[in-house]
Amino acid sequence: MRIHKRLLPILWIVGILLISVGCRSTAAPLTSVTVQLSWTHQAQFAGFYAADQNGYYAEEGLALAFLPGGPQVDVLAPVLNGVAQFGSVNADALIPAQADGKPLRAIATVYRRDPFVYITLADSGITRPQDFVGKTVQTGLRGIPRLRALMARIGIGPDRYTVVESTPDLAPFYSGQVHVRSAFLTNEVLTTQAAGYKLNIIYPDDYGIHFYADTLFTTDDLIARNPDLVRRFVRATLKGWTYAVENPTAIGPMIVKYKPDADAELESEKMTASLPLVNTGEDFIGWMKPEVWAGMEQTLREQGVLTQTVDVTQAYTMQFLEEIYGK
Amino acid sequence: MKLTPRLTLIFVLYAAALLAGVGLLAYNSGRESLRSAVISELQATAIEKQAALDAWVEDKQAGITRLAADPATIESAAVLLTASPDSPEARDAHDRLLVEIRPRVLGGEFLDLMIIDPQAGQVIAATNPGEEGKFKEDRPFFINGKIGPYVQNLYYSVALQGPAMTAAAPLRTPDGRLLGVLAGRLDLAEMNAIINRRTGLRQTDDAYLVNTSSLFVTQPRLITDPAVLQRGVHTEAVNRCLAGNSGVIEVEDYRNVPAIVVYRWLSERELCLVVKMDQSEAFVPTRAFGGTIAAIGALALLVAAALAVALARSLTRPILALQAGAARFGQGEFALRLPETSRDELGELAHEFNAMATALAQKEAQLRAYAAELEQRVQERTAELRQSNAELEQFAYVASHDLQEPLRAVAGTVQLLQQRYQGKLDARADEFIAHAIDGATRMQTLINDLLTYSRVGTRGKPFEPTDVSTTLKDALANLAVAIRESGAVVTHDALPTVTAERTQLIQLFQNLVGNALKFRSERPPEIHIGVERQDSEWVFSVRDNGIGMEAQYCERIFGVFQRLHTRREYPGTGIGLAICKKIVERHGGRIWVTSEPGRGSTFYFSIPDRR
């Protein structure tokens, strides 16, 4: 006992030293990192928020700043010109960039199933793309190649359905003026469901059209110059996504910090809705497959988005995912 | 500390340490064996679950294989796949095919069944109409199902809005040509049931599967919210398991409750199987066991304490008896003997003690006898001596007294001779007469002194308080002439009153001061009478500045007729100091002298203070 009493002050001192050392290490200057988001703040970026607010970035020595995206925002440019170090964008935007010789590269993907779906009213009887024949489909300009690809996949030519351009207004859809509407699983789908409509959801993913969405990317230069920074960023982000998948209801309140007028409950619902897209039960969160990349390239090429063959293996790297997951 | 409590304490401590050690050992071994038993149980459960899971998967695979081998199914599929789409034959074949396979779904073997075109990967017939027309070209069950029976591990099915596993088998013509792939989704509720099926009566046991993303694949029993593919589990056991290991670990489970966890990496399924039980429950029997051990230990300690007290007492009782005996013996109870009941060392000790006591008693008796005899002899001798002394004194007194008479006659006659014939006879006659007178006179002095000496003992008067200073004054008065002639200075301290015989005390001082005057040097004598109180007696001193003497004579001079000088040098009988000695001794004191030749002497004598 006596020894213990004598040791106690020493342990105190050691403890305090350790704590102070610990404090110093966490107090070390963090590396500022900016991420260009593909859209305005919402649950779509839940993993970033969780990593930021749970201190995962800080643990990796990073201080995150977010640049929100929007309808008019070029997501690639800030990363290219160094305003942001990382970006989040649909993978199908990275392949044409590759074709244009932009030195960008995907490092992980959040949505391994495309959140870009088609919705029809439940009582319309339209449950499959095959049912689009003779119907009016509403989709955005950038969605048209995908729709064409999807229909081509099931052997239906563009002349057998009508395409109209999307507007934010959902009234034409509700009224049956347009039969099919492209929608983001975490946005319009929830909005329409919240408005009391029962929907059929048609996933392009079920029909051989596999697109990655919200793919993390950076420049070849940063990968070459500071792979450690990239690894830390990816690791913390994936940890944030793991947290988000496991705690979807915790996400809503987090978003309020970035978007004060956000509806926390709605954002949590969005997170819940996107769960199967992030966490497919296969491989690992953030994982990418070569065949999907090849498929995307093929689809884009077939739809004329690409005018030439692109070496898609230059559009992404598995280096960081493999390192992080030890595969 | 006394022996009894010390012995008791030592015994009790020893017993306690022993019991604690044995108890701890027993408890630990009990806990360890219980742990092993629980681990074995969990291991067995894990193995059983894995086997059941494998059996279930194999069963499904066999089921899909059997269905794929059914001739009717093959025939309809062949028609459907070869006929042009939307042709009546195709529709007919499609419907027949569904009729063929639907009972399996209705029977619950599969959630749904579908036939997939092997080239495009498109579903051409499905029990769930929603699936028809979809593409499965990239699904592992399709890719592998083209080759042989296959079960795809768990994944999230968007169509089912939940986790799914799919079994698939190739549809082949009798000649082996691939017609398509038959796939059926498995009802994971069955798997859940297998994993959750419980065997024992435990409370906190649980088994669950976790996929590579650390998500629950089956519903853990102790979580009420839906957890499958929604809730992650990042326990140490799961982390280790997902790293491809199997083993046992005692860590906190998903509820952060300490548990014994057995984990198995099911590489074929790419799933982690975890079977666990809370430590608190697993070790419930150890707690009871520990309680029992503690109770037994406490009881044993109690008994040991009682035994220790008894043992200590049995050891110390004879020792205490021995001690008491020795004490009483020491206080004089020599007849005391100790009981020699025990045959051990203590008995021997008592025996030795008794032997010693007996020997001591004998010696004591002998000693007493000797002492008595000695006393007797001393008394006899003393009496003899006293008698002879008395006789001698009497003789001396009588002799000197009786000698006086004839001597007086002789002296008187000689003096008459001198008076009458002085100068009338010849010169030699005068000389002879003078010699005779001188001898007679000396003889008288001698006899007087002897008489005085003998009187000291025989004719003494009783003691009474005597003022020494007046006594000294009287003595000095008697010496007045000599003092005056010698020009001596006599000083003295303040003198006390003592119990003594006054006349003898005068004699004492007179003799000592007289000696001091007589043995003076060329210097005028300086004599000082001092006194000092020592213990219970007064010590008087008579100091002079006379001729002194060698230390070797300091004893001799107190003897009768002892002289250091010739009569011619210093007149005297040589009896004065003997008288002094006798007087002092009669008063119960001592007399002695310190002296140095040429420097003077100091005579000391002591008189006990009898007040």
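Colleague: In this predicted model, at what angle do helix H11 and helix H13 of chain B pack, and how far apart are their axes?

Modeller: Helix H11 (residues 468-478) and helix H13 (residues 502-518) of chain B pack at about 55 degrees, and their axes are 8 Å apart. That angle makes H11(B) oblique to H13(B).

Colleague: Which hand does the crossing have?

Modeller: H11(B) passes H13(B) in a right-handed crossing.

Colleague: Which residues make the contact?

Modeller: From H11(B), B:Val468, B:Thr471, B:Leu472, B:Asp474, B:Ala475, B:Leu476 and B:Asn478 take part. H13(B) puts in B:Arg502, B:Leu505, B:Ile506, B:Phe509, B:Gln510 and B:Val513. By class, that contact has eight nonpolar, three polar and two charged residues.

Colleague: What does H13(B) lie across?

Modeller: H13(B) lies across S11, strand S13 (526-534), S14 and S16 of chain B, and runs at about 25 degrees to S14(B).

Colleague: In what order do the strands of that sheet come?

Modeller: The order is S11-S13-S14-S16-S15 (chain B), an open sheet of five strands with mixed pairing. Strand S11 (489-492) and strand S15 (591-596) of chain B are at the edges with a single partner strand each, so one side of each has no neighbour in the sheet. From one strand to the next, the twist averages 15 degrees.

Colleague: How many bridges pair S14(B) with S16(B)?

Modeller: Seven bridges, in the antiparallel sense, between strand S14 (residues 537-543) and strand S16 (residues 600-608) of chain B. B:Arg543 stands opposite B:Thr602 in S16(B).

Colleague: And how many join S15(B) to S16(B)?

Modeller: Six bridges join S15(B) to S16(B), and the two run antiparallel. B:Glu596 is opposite B:Gly600 in S16(B). The two strands form a hairpin with three residues between them, and B:Gly598 in the turn has a positive phi of about 85 degrees.

Colleague: Next sheet. What is the strand order in the antiparallel one of chain B?

Modeller: That open sheet has five strands in the order S2-S1-S5-S4-S3 (chain B), with antiparallel pairing. Its edge strands are strand S2 (123-126) and strand S3 (150-157) of chain B, each pairing on one side only. The twist there averages 25 degrees from one strand to the next.

Colleague: Which residue is the bridge partner of B:Val151 in S4(B)?

Modeller: B:Ala167 is the partner of B:Val151. S3(B) and strand S4 (residues 162-172) of chain B run antiparallel and are joined by six bridges.

Colleague: Which strands does helix H2 of chain B lie across?

Modeller: Helix H2 (residues 71-82) of chain B lies across strand S1 (112-116), S2, S4 and strand S5 (178-186) of chain B. H2(B) runs at about 115 degrees to S5(B).

Colleague: What about H1(B) and H8(B), at what angle do they pack?

Modeller: Helix H1 (residues 3-69) and helix H8 (residues 284-330) of chain B pack at about 160 degrees, with axes 8 Å apart. H1(B) and H8(B) are therefore roughly antiparallel to each other. Their crossing is right-handed, and the contact has 23 nonpolar, eight polar and two charged residues.

Colleague: Over to chain A. How many helices and strands does chain A have?

Modeller: Chain A has 14 helices and 10 strands. Of its 327 residues, 47% count as buried. Among chain A contacts with a separation of 6 or more, 81% come from residues 24 or more positions apart.

Colleague: Which residues of helix H6 of chain A are buried?

Modeller: In helix H6 (residues 144-153) of chain A, the buried residues are A:Arg146, A:Leu147, A:Arg148, A:Ala149, A:Leu150 and A:Met151. They pack against strand S5 (116-121), strand S6 (136-139), strand S7 (162-165), strand S8 (180-184) and helix H13 (290-302) of chain A.

Colleague: What follows H6(A)?

Modeller: A:Gly155 follows H6(A), and its phi is positive, near 80 degrees.

Colleague: Last topic, the contact between the chains. How many residues does it take from each?

Modeller: The contact takes 23 residues from chain A and 20 residues from chain B. On the chain A side, the elements giving two or more residues are helix H10 (227-246) and helix H12 (264-278). The residues of that side divide into seven nonpolar, eight polar and eight charged.

Notes. Residues numbered from 1 in each chain as written. Chains lettered and ligands numbered in written order. Predicted model: local features only at pLDDT ≥ 70, side-chain atom pairs only at ≥ 80, totals over all residues. Helix = DSSP H or I, 4+ residues; strand = E, 2+ residues; numbered from the N terminus. Buried ≥ 20, exposed ≤ 12 C-beta atoms within 10 Å, placed from the backbone. Contact = placed C-beta atoms within 7 Å. Axes fitted to C-alpha atoms, helices over the stretch in contact; angles between N-to-C directions. Parallel < 35°, antiparallel > 145°, perpendicular 65-115°, else oblique. Left-handed = near helix turned anticlockwise from the far one by under 90°. Nonpolar A, V, L, I, M, F, W, Y, C, P; charged D, E, K, R; others polar. Pairing = 2+ DSSP bridges.
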